[in-house]
Each structure stands twice: as structure tokens, then as C-alpha cells.
Amino acid sequence: MTNPVRSSVDRATFENLYAGKAPWDIGRPQGPFVAVADRVIDPVLDAGCGTGETALFFAARGHRVTGIDFVEEPIRRARAKAAARGLAVEFLVKDATTLGDTGARFASVIDSGLFHCFSDADRRRYVEGLARVVEPGGRLFLLCFSDAEPGTEGPRRVSREELYAAFADGWEVEYVQPTQIEVNPEFTEIKFSEGGPKAWFAVVRRQGGVLEPQPVG
Ligand SMILES: C[S@@+](CC[C@H](N)C(=O)[O-])C[C@H]1O[C@@H](n2cnc3c(N)ncnc32)[C@H](O)[C@@H]1O
């Protein structure tokens, strides 16, 4: 695995970012999750959910959704949005590197900008936890910074090979496609690529079963 990183982005860094204008907080889900929405099956976990837009998007589509984040402020905002929109989402303050201790099971996991926050060690803990909570045949939908994004400011760059390596055992990487992450235009501290940081969108299936969306009607 290339590009080893010793420490994950810590809670204090995120607390500071949420005290200002968090660059990823665009008021709606990132486009790739909207594009695959028909493939998302109940129950859904949004890991590192931030202020909850993706979780709330899937709840509005009728899904049972749990959103977790290890920072309290975005969870407070996510709960307020859920109440204002009349949507029932379980938003919890929880560290995604300890997923395995929940006992919960999910058919779909959304990861919109979480994977690239982790050190190598926390990445392994996260994937081990995912292996315990994702049902056989369930899927992880993952959006992360790519190594095609120039520079080093912002989160860790992830290579396509690192994604395949992280999910080599007990998972099938269905595809990894290049995309870009939309950034809040009010965030100007870091200059990313035109159109947003270059990113990967990956769909990864947990082996050992078959889970497909049921046709409606
Ligand atoms: C780049 S932001 C993306 C937020 C949200 N998913 C979105 O797309 O707007 C990453 C989020 O992951 C959260 N996070 C980082 N490390 C975490 C961990 N170990 N456990 C839970 N949440 C974490 C951060 O607090 C932050 O809200």
C-alpha cells in the first residue's frame, strides 16, 4: 500500500472546521450518491454523516437511516434539520473506527468523505468494522479524494490501488470511477482543481450473499 499516514484527521480539526464554513457542507448530497440512489437498500448507515444531508436525502426517499459522526456539533445540526423536515433519522455521536461494537446490521453504507480521513491503521479498523455491520451482499458507496488531485492541502489522497487493497478480503470492488467533489464556494482557504477536488467514487459489495433493490410496482 502506498502513501502511509500515521495519524487520522482528529476530532479537534473537525470541530474547528464546523465552527467556520466546512468545505464539504454544501447543503445537499454529493452528486454520485444521488446518481446511484436506486441501488441503495434498507437499512442505510451514513458513516461520517456531518450535518446529515446525505442521510436525510435517503430518509426522504423512504429509507430507514442511521447517521454517525464523531463530532457533536454536526450531529446537533443534523437532528435539527431532521426535525425541521419531519424526517426520522437516527443521528448518533459515534466513532466510525469502532463500528463493529454496535451489533447493528446495514444493507447499504454511505461514506461521503470519511475514508480519506483515516491513517492506515484506522482505515484497517474501519474496514474491519464494516465487515461486521454490512450484511452479506450489502454495499458500501464511497467517495474520497483521489491521488489525481494535485498538492497536499486538504485530506489524504487515495489511489485506486489503495481502494482495491483495503477491500481485498471478503469484498468485491464492483467499480471505482473518477469524479469530483463539490466544495462550498464560500470556502476559499485552499485552491482545489477547477470543478472541485478530483475524487474516486467506489461501489464495494460484501461477499457471501445477494442483495438487490426490489423493482417498484
Ligand atoms: C469530509 S467530512 C464529510 C461530511 C459528510 N459526509 C458530507 O458529505 O457532508 C468528514 C466527516 O467525517 C467525520 N469523521 C471523521 N473521522 C471520523 C470518525 N473516526 N468517526 C466518525 N466520524 C468521523 C467528520 O467529523 C466529518 O463530519
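Predicted model: local features only at pLDDT ≥ 70, side-chain atom pairs only at ≥ 80, totals over all residues.
Trainee: Which residues come nearest to the ligand?

Mentor: There are 16 residues around the ligand, and the nearest are Tyr18, Gly48, Asp69, Ala96 and Ser112. Tyr18 has a polar side-chain atom 2.5 Å from an oxygen atom of the ligand. Phe70 uses its backbone instead: an N or O atom there lies 3.2 Å from a nitrogen atom of the ligand.

Trainee: Let's turn to Trp200. Why is Trp200 called buried?

Mentor: Its relative accessibility is 9%, and buried means under 20%, so Trp200 counts as buried. You will find Trp200 in strand 7, residues 198-206. A polar atom of the Trp200 side chain lies 2.9 Å from the backbone oxygen of Val158.

Trainee: How far apart are Trp200 and Phe145 in sequence and in space?

Mentor: They are 55 residues apart in sequence, with 6.4 Å from C-alpha to C-alpha.

Trainee: Now Asp25. Why does Asp25 have no salt bridge?

Mentor: Good one to check! The nearest side chain of opposite charge is Arg77, at 4.2 Å. A salt bridge needs a side-chain nitrogen of Lys or Arg within 4 Å of a carboxyl oxygen, so Asp25, although buried, has none. Arg77 is still among the residues that Asp25 touches, along with Thr51 and Asn184, leaving aside residues up to four places away in sequence. The side chains of Asp25 and Thr51 are joined by a polar contact of 2.7 Å.

Trainee: Where is Asp25 placed?

Mentor: Look in the loop between helix 1 (11-19) and helix 2 (31-35).

Trainee: And how do you know that Asn184 is buried?

Mentor: Set its 7% relative accessibility against the limit of under 20%, and the conclusion is that Asn184 is buried. Asn184 belongs to the loop between strand 6 (171-180) and strand 7.

Trainee: What does the side chain of Asn184 reach?

Mentor: The backbone oxygen of Asp25, at 3.1 Å. A polar atom of the Asn184 side chain also lies 2.8 Å from the backbone nitrogen of Glu186. Not counting residues up to four places away in sequence, Asn184 touches Lys21, Ala22, Pro23, Asp25 and Ile26.

Key. Residues numbered from 1 in each chain as written. Heavy atoms only, no water. Helix = DSSP H or I, 4+ residues; strand = E, 2+ residues; numbered from the N terminus. Buried < 20%, exposed > 50% of the residue type's maximum accessible area, 1.4 Å probe, protein only. Lys, Arg positive; Asp, Glu negative; His and termini not counted. Polar contact = N/O pair within 3.5 Å; in protein donor to acceptor, adjacent residues only side chain to side chain. Contact = heavy atoms within 4.5 Å. Near = heavy atom within 4 Å.
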